[in-house]
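Subject: The structure you asked about

Hi there,

Here is the structure, with some notes on what turned up in it. Have a look at the picture before you read on.

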Amino acid sequence: DPIPQTHLFLSLDTKWEHAHPGDVFVVRADVKNIGDTPALLIQVHLQDIPDDWIVQQPSFPWILVLEPGQTKPLFFVVERGQIDATIYAEAQAYNAPVVISNRIPIPVGTGVVIALCLIGGVLFYREAKMRKKLLR
């Protein structure tokens with residue numbers, strides 16, 4: 001007998017400060033079985049994570065069994081980098097199709113953008129000044 005198929009619902013949330021590079025925050029992924037049979041061997045992965053971000057996976061990244069109507073959370077600890085991102089998650093089970101969560105924008109604050117522009121301007125000025133001296 002084949003294992004009966006079911007369906008999942010996945011939502012993503014974070015309430016921690018995550019506007020600045022280096023901020024560490026928790027992303028909560030809630031997986032709910034909205035089908036009529038137990039979901040088996042569920043994995044959740046965060047998506048669209050920039051290369052300069054660090055993601056600590058849950059200590060046990062599997063939900064072994066999720067009964068119909070039951071919801072279980074998985075928690076990811078994230079340290080954001082310089083790049084803004086709009087992240088989401090995917091959940092996959094042995095007997096359910098892949099589902100995608102809502103998207104969460106993780107912006108850089110305007111103060112950080114202004115500071116980076118000022119630093120970039122100062123560095124450009126210093127580099128131009130040094131090259132000018134070398135040409136003399």
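One definition before anything else: helices (H or I, at least four residues) and strands (E, at least two) are runs assigned by DSSP, and they are numbered from the N terminus. You will also need the burial words: a residue is buried under 20% relative accessible area, exposed over 50%, and partly exposed in between (1.4 Å probe, protein chains only).

Now a word on where this comes from. It is a predicted model, so local features need pLDDT of at least 70 and side-chain atom pairs count only at pLDDT 80 or more, while totals for chains, interfaces and linings use all residues. Residues are numbered from 1 along each chain as its sequence is written, and side-chain values use heavy atoms, with hydrogens and water left out.

**The overall picture**

The protein chain has 1 helix and 9 strands. Reading from the N terminus, the elements go β-β-β-β-β-β-β-β-β-α. Of its 136 residues, 34% are buried. The accessible surface (Shrake-Rupley method, 1.4 Å probe; for residues, only the protein chains shown count as cover) is about 8800 Å², and 61% of that belongs to carbon and sulfur atoms. As for contacts (heavy atoms within 4.5 Å), take those with a separation of 6 or more: 68% of them are between residues 24 or more positions apart.

**How the strands pair**

Two strands count as paired if DSSP finds at least two bridges between them. Four of them make an open sheet: 4 strands in the order β1-β2-β6-β4, with antiparallel pairing. β1 (8–13) and β4 are the edge strands, each pairing on one side only.

Start with β1. This strand is joined to β2 (residues 24–33) by 6 bridges, and the two run antiparallel; serine 11 has aspartate 30 in β2 as its bridge partner. β1 also has two faces: Leu8, Leu10 and Leu12 are on the covered one, while Phe9, Ser11 and Asp13 are on the uncovered one.

Which strands does β3 pair with? One is β5 (residues 62–66), antiparallel over 4 bridges, where alanine 39 stands opposite leucine 66. Another is β7 (residues 85–93), also antiparallel, with 5 bridges; there leucine 46 has alanine 89 as its bridge partner.

**The nonpolar core**

In soluble globular proteins, nonpolar side chains tend to be buried together. A nonpolar core here is a set of buried Ala, Val, Leu, Ile, Met, Phe, Trp, Tyr and Cys residues joined through side-chain atoms within 4.5 Å. The largest one has 26 residues, and those with the most contacts inside it are Leu8, Leu10, Val27, Val31, Ile42, Val44 and Phe76. Two or more residues each come from β1, β2, β3, β5, β6, β7, β8 and β9. β7 gives the largest share, 5 residues.

Leaving aside neighbours within four places in sequence, valine 44 is in contact with residues including Leu10, Val31, Phe76 and Ala89.

**The salt bridges**

Side chains of opposite charge can pair when their charged atoms come close. A salt bridge means a side-chain nitrogen of Lys or Arg within 4 Å of a carboxyl oxygen of Asp or Glu. How many are there in the whole structure? The search finds 3.

- Aspartate 30 meets arginine 28 at 2.8 Å, N to O. Aspartate 30 is buried at 17% relative accessibility, and arginine 28 is partly exposed at 35%.
- Arginine 80 meets aspartate 84 at 3.3 Å, N to O. Arginine 80 is buried at 2%, whereas aspartate 84 is partly exposed at 40%.
- Aspartate 48 pairs with arginine 103, with the closest N and O atoms 3.8 Å apart. Aspartate 48 lies in the loop between β3 (39–47) and β4 (54–56) and arginine 103 in the loop between β8 (96–100) and β9 (104–106), so this pair ties together parts 55 residues apart in sequence.

Happy browsing!
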